[in-house]
Amino acid sequence: MISKFTYPATANDYRARARARLPRFLFDYLDGGATDEQTLRANEADWAEIPLRQRVLIDVDQVDTSTTLMEQSCSMPVVLAPLGLAGMMARRGEVQAARAASNVGVPFTLSTVGICPLEEVQAAASEAIWFQLYMIRDRARIEALLEKVWNSGCRTLVFTVDLPQPGMRHRDFRNGLASTGPRSKLLKVMQLLSRPGWLWRVALRGGPLSFGNLRDAIPDARNLDAFKAWIDAQFDPTVTWADIEWLRERWKGKLILKGILDVDDARDAVRVGADGIVVSNHGGRQLDGVASGAGKLPEIVAAVGSQTQILADGGIRSGVDVFRALALGAQGVMIGRPWAYALAGGDEAGLSNLLESWQQELRLAMTLTGVTRIADIGQAQLDRPQNPES
Ligand code: FNR
């Protein structure tokens, strides 16, 4: 039981605080997944199934969690994943999150459908942020956006490929977020009124609440019906590998394809020249029933691990889970909900605390498995039942 009189220590502690602070439709949007949320649950549960190998009497005086991702130095191999509407989780949410990420020394990724505009977020960060792009039908808008992203100093583009259409998220329907009409309006108003603190901090003092990178297309992010109509009209389900080739020609920086969950797709990603991939099922928000990130990572690493940089995401909830992903062969991880829980539950300071605590957990996992450098984490740190025949 989390109370105001205890310190939050884990992602789950911050989740409880976020739930208490956010209007229900916003918390559900953040917390929920597709359909019966089986994949959402598997994402978390499957990391817990990976036992680690305790080793002793190795000199672990100098343990270093730092690494390089996309030629950017990071204090640990963790990237804040792109989250739409994250700017509503706290006052000027993405600005606070980018600042926390910079302070701890990890990259922040701004979503196409983030709230705060690119320039505002970049100004808050001491390192170049990463930008996530969805392919929208209006290619001229994409080209203009790419130019703006490049001119802002961003050199890593995360192109998300697992959302030709948004998944079925029943929580959003139940609470009125994804439904229309007077009843759903009333539901949302009631949920808003039950969180006066959020109304004051975020809605009244945290404006403008527009989609910072799509301001001219959707001027008011509070008009969720207009947002949904725009998504339905503009998200482009015709996108194929030929469009990635088109994008690859236009983007001279690092290109990461996010949302790869299949070995054949991973091979194609390498073929079209992706500098990296994120093994991801979009945090269990797209097709319920697909495998977890932890489940798919080993075979994708075996197929393309020597040819491209591999990040994993979905259900990573601690520094120990980060270690597990590295032991399975990822070079780094993205985290989604945990950073937004910490931001919603504790603002910039909460997020900094959580990230620092994960770094400490990662350092301890390295210490107790007997590795001192990130690059040395691998299969040898997994406690696999040995087959006496082999
Ligand atoms: C997302 N995700 C996402 N991905 C993306 O490429 N662009 C986006 O705008 C969003 N928006 C978004 C909103 C919310 C509320 C969530 C929870 C997720 C997916 C995200 O980047 C990441 O893949 C998952 O969140 C990883 O799973 P965990 O860490 O949340 O379990």
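How many helices and strands does the protein chain have? In this predicted model, the chain has 15 helices and 10 strands.

Start with the overall form. Along the principal axes, the C-alpha atoms of the protein chain fill a box of roughly 65 × 55 × 40 Å.

Next, look for the ligand. The ligand sits in the largest pocket, where 24 residues surround it. The closest of these are Pro82, Ser111, Thr160, Asp313 and Arg317. By type, the shell residues divide into nine nonpolar, 10 polar and five charged.

Some contacts can be followed atom by atom. The side chain of glutamine 132 has an N or O atom 3.1 Å from a nitrogen atom of the ligand. With glycine 336, the backbone takes part: a polar backbone atom of this residue is 2.9 Å from an oxygen atom of the ligand. The backbone is again involved at arginine 337, where an N or O atom lies 2.8 Å from a ligand oxygen atom. A polar contact requires a pair of N or O atoms within 3.5 Å, so these pairs qualify.

How much of the ligand's accessible area does the protein cover? On its own the ligand has 600 Å² of accessible area, and the protein covers 99% of it.

Methods. Residues are numbered from 1 along each chain as its sequence is written. This is a predicted model: local features need pLDDT of at least 70, side-chain atom pairs count only at pLDDT 80 or more; totals for chains, interfaces and linings use all residues. Side-chain values use heavy atoms; hydrogens and water are left out. A residue is near a molecule or strand if one of its heavy atoms lies within 4 Å of it. A polar contact is a pair of N or O atoms within 3.5 Å; within protein, one must be able to donate a hydrogen and the other to accept it, and residues adjacent in sequence count only if both atoms are side-chain atoms. Accessible areas come from the Shrake-Rupley method with a 1.4 Å probe; for residues, only the protein chains shown count as cover. On a 1 Å grid over the protein atoms alone, a cavity is a set of points where a 1.4 Å probe fits but cannot get out, and a pocket is an open set with protein on both sides within 12 Å along at least five of seven lines; lining residues have an atom within 4 Å of a point. A molecule sits in a cavity or pocket if more than half of its atoms lie within 2 Å of its grid points. Ala, Val, Leu, Ile, Met, Phe, Trp, Tyr, Cys and Pro count as nonpolar, Asp, Glu, Lys and Arg as charged, and the others, Gly among them, as polar. Helices (H or I, at least four residues) and strands (E, at least two) are DSSP runs, numbered from the N terminus.
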